[in-house]
Amino acid sequence: MRAVASRVSSASVSVDGSVVGKINDGLLVYLGVGPKDDRQSAEHLAQRVISLRIFGDASGRMNLALPDVDGELLVVSQFTLYADTSHGHRPAFTGAAHPSLGEPLYEHFVEHCRHQGLRVAAGVFGARMEVDSVAQGPVTIVLSSPAEPWNTSAG
């Protein structure tokens with residue numbers, strides 16, 4: 001699994017012109033699922049996102065996590081995080097999980113975050129979506145599950 005987490009003061013996702021998910025202060029997370037992912041990797045990555053200390057404390061240092069600031073989470077499925085451009089300029093997406101695996105693991109990631117007590121909004125898996133966000137910082141972090149080849153930290 002791969003995730004790109006951006007600290008935002010607001011974010012929303014729309015499908016066919018209708019807002020399907022909206023948050024205020026928190027994280028906008030683009031989430032991609034790979035073919036080797038499972039429920040355990042979804043839970044592991046969800047915990048990493050939830051525990052990511054990228055919010056400012058009283059002295060302005062990035063030392064607080066989403067629950068510490070009562071932040072919200074917007075999760076948007078993003079199979080393009082598995083784009084392969086090694087053979088030219090047109091990306092191939094064969095490294096992404098088939099939707100029959102990707103959708104349930106995306107939903108499991110979202111539900112795991114909700115069970116941690118967070119307010120979680122989500123996009124619609126497989127839909128053409130429009131995402132609006134107001135970045136804070138900007139602070140954007142790339143995360144992956146331990147099985148990912150570009151994982152730089154299994155923590």
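User: About how much space lies in the largest pocket?

Analyst: The model is predicted: local features require pLDDT of at least 70 and side-chain atom pairs pLDDT 80 or more, whereas totals for chains, interfaces and linings use all residues. Numbering runs from 1 along each chain as its sequence is written, and side-chain values rest on heavy atoms, without hydrogens or water. A pocket is an open set of points on a 1 Å grid over the protein atoms alone, where a 1.4 Å probe fits and protein lies on both sides within 12 Å along at least five of seven lines; points join across faces, edges and corners, and the volume is the space filled by probe spheres set on them. For the largest pocket this space is about 400 Å³.

User: Which residues of the lining lie nearest the centre of the largest pocket?

Analyst: Lining residues have an atom within 4 Å of a point, and the largest pocket has 21 of them. Those nearest its centre are Ser77, Gln78, Phe79, Ala127 and Met129.

User: Which elements each supply at least two residues of this lining?

Analyst: Elements are DSSP runs numbered from the N terminus: helices (H or I) of at least four residues and strands (E) of at least two. By class, the lining holds 12 nonpolar, seven polar and two charged residues; Ala, Val, Leu, Ile, Met, Phe, Trp, Tyr, Cys and Pro count as nonpolar, Asp, Glu, Lys and Arg as charged, and the others, Gly among them, as polar. The elements supplying at least two residues each are β3 (26–32), β6 (72–77), α2 (99–115) and β8 (129–144).

User: In β7, which residue is the bridge partner of Leu73?

Analyst: Strands pair if DSSP finds at least two bridges between them. On one pairing, β3 and β6 run parallel with six bridges, and Leu28 stands opposite Leu74. β6 also pairs in the parallel sense with β7 (residues 119–122) over four bridges. There, the partner of Leu73 is Val120.

User: How far apart in space are Ile23 and Ala121, C-alpha to C-alpha?

Analyst: Ile23, in strand β2 (residues 18–23), is buried at 2% relative accessibility. Beyond four places in sequence, its contacts (heavy atoms within 4.5 Å) include Leu73, Leu74 and Ala121. Ile23 and Ala121 are 98 residues apart in sequence, yet their separation in space is 6.9 Å.

User: Is Ser12 buried or exposed?

Analyst: Ser12 belongs to strand β1 (residues 2–15). Among the residues it touches, not counting those up to four places away in sequence, are Leu74, Glu130 and Val131. With a relative accessible area of 12%, Ser12 is buried.

Definitions and conventions. Buried means under 20% relative accessible area, exposed over 50%, partly exposed in between (1.4 Å probe, protein chains only).
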